[in-house]
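Look at the charged side chains in the model shown here. Which of them pair up, and where do the partners sit along the chain?

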Amino acid sequence: MNEIKIFSPATVANVSCGFDVLGFCLDNIGDEMIIRKTVDKGVKITRIVGADLPFEVTKNVAGVAALSILKSANADFGVEIEIYKKIKPGSGIGSSSASASGVVFAINELLGRPFNNQELTLHGMKGEAIASGVEHADNVAPGIFGGFTLVKSINPLKIIALPTPSELYATIIHPKIEIKTSEARAILPKQIELSKAIKQWANVGSLVSGLYTSDYELIAESLKDYIIEPHRSQLIPHFDKVRNASMNTGALGCGISGSGPSIFSLSKGEETANKVAKVISKIYNNTNIEFDIHVSKINTEGIKILS
């Protein structure tokens, strides 16, 4: 194989209670990338469509991730990268991680699959750090593993793949304003109350249990964020209205996707997810803020080979 075309999906990180540790993969929202071998070693980014991103390899998340995996493999070839962005940078649904995870997945295929998913995540994180200023895996991991993932630790890296209940659907609304991950991290408190931390730990544990047992009621009880959301929600116009409307329509839970501004809701069944999409669209229709809306089954496959 000398060339590969892949679909690299959008992802939702944090998942309310799981700041920097939980994430899940979306099915019908994502970027496309073409990666081809070159005789000359090194990395070249030859085309970027859909976003104003740097072609300089060391300043592009895909470029940095590609350099990392090629160096680790001691590859005897280089690569050219074409990026077709469908996930807008700063949208909060893993735009940078889609580039980073997609390129390492593709290069691994060109290499003959010497690396496992956890190793691919590690290389993807090198690229992700260019965008966010810190290596984190809660977007990269679900894109590579598919479904829900838990980041057990960063150093050493350990990713746990979690099961996905069959009727779980996500509704994503993306108000077209930009919130940079680095700025959203800067407003977070340096200290938190112990009582809030205990509630948060309990929710992470019960959410994982709910995923394993397909207990939708337990999932709903667990999708609450006492620590991050109260601060970051102030950056997102009409967040409280969207959350209340989602819950009143039957969503299991609603929260900030990544660092925002996208807002996710999880529902049992596609019908409820579509109803949620309808009611929250009305909220932004009454504003001057443009938005995108998506309904997606949870993608348990992750990155897909197109050709």
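Predicted model: local features only at pLDDT ≥ 70, side-chain atom pairs only at ≥ 80, totals over all residues.

Glu3 belongs to strand β1, which covers residues 3-13, while Arg36 belongs to strand β2, which covers residues 22-38. The two residues are 33 residues apart, and their pairing links distant parts of the chain. Glu3 has a relative accessible area of 44%; this value lies between the cut-offs of 20% and 50%, so Glu3 is partly exposed.

Arg36 also meets the side chain of Glu82 in a salt bridge, again with an N to O distance of 3.0 Å. Glu82 is found in strand β4 (residues 78-84) and Arg36 in strand β2, so this pair ties together parts that are 46 residues apart in sequence. Is Glu82 buried or exposed? Its relative accessibility is 12%, which is under 20%, so Glu82 counts as buried.

These residues can also be viewed as a group. Glu3, Arg36, Glu80 and Glu82 are linked in a network of salt bridges.

Another salt bridge is formed by Arg113 and Glu109, whose closest N and O atoms are 3.0 Å apart. Here the two partners fall into separate classes of accessibility. Arg113 has a relative accessibility of 57%, which is over 50%, so Arg113 counts as exposed. Glu109 has a relative accessible area of 13%, which is under 20%, so Glu109 is buried.

Technical notes: Residues numbered from 1 in each chain as written. Heavy atoms only, no water. Helix = DSSP H or I, 4+ residues; strand = E, 2+ residues; numbered from the N terminus. Buried < 20%, exposed > 50% of the residue type's maximum accessible area, 1.4 Å probe, protein only. Salt bridge = Lys/Arg side-chain N within 4 Å of Asp/Glu carboxyl O.
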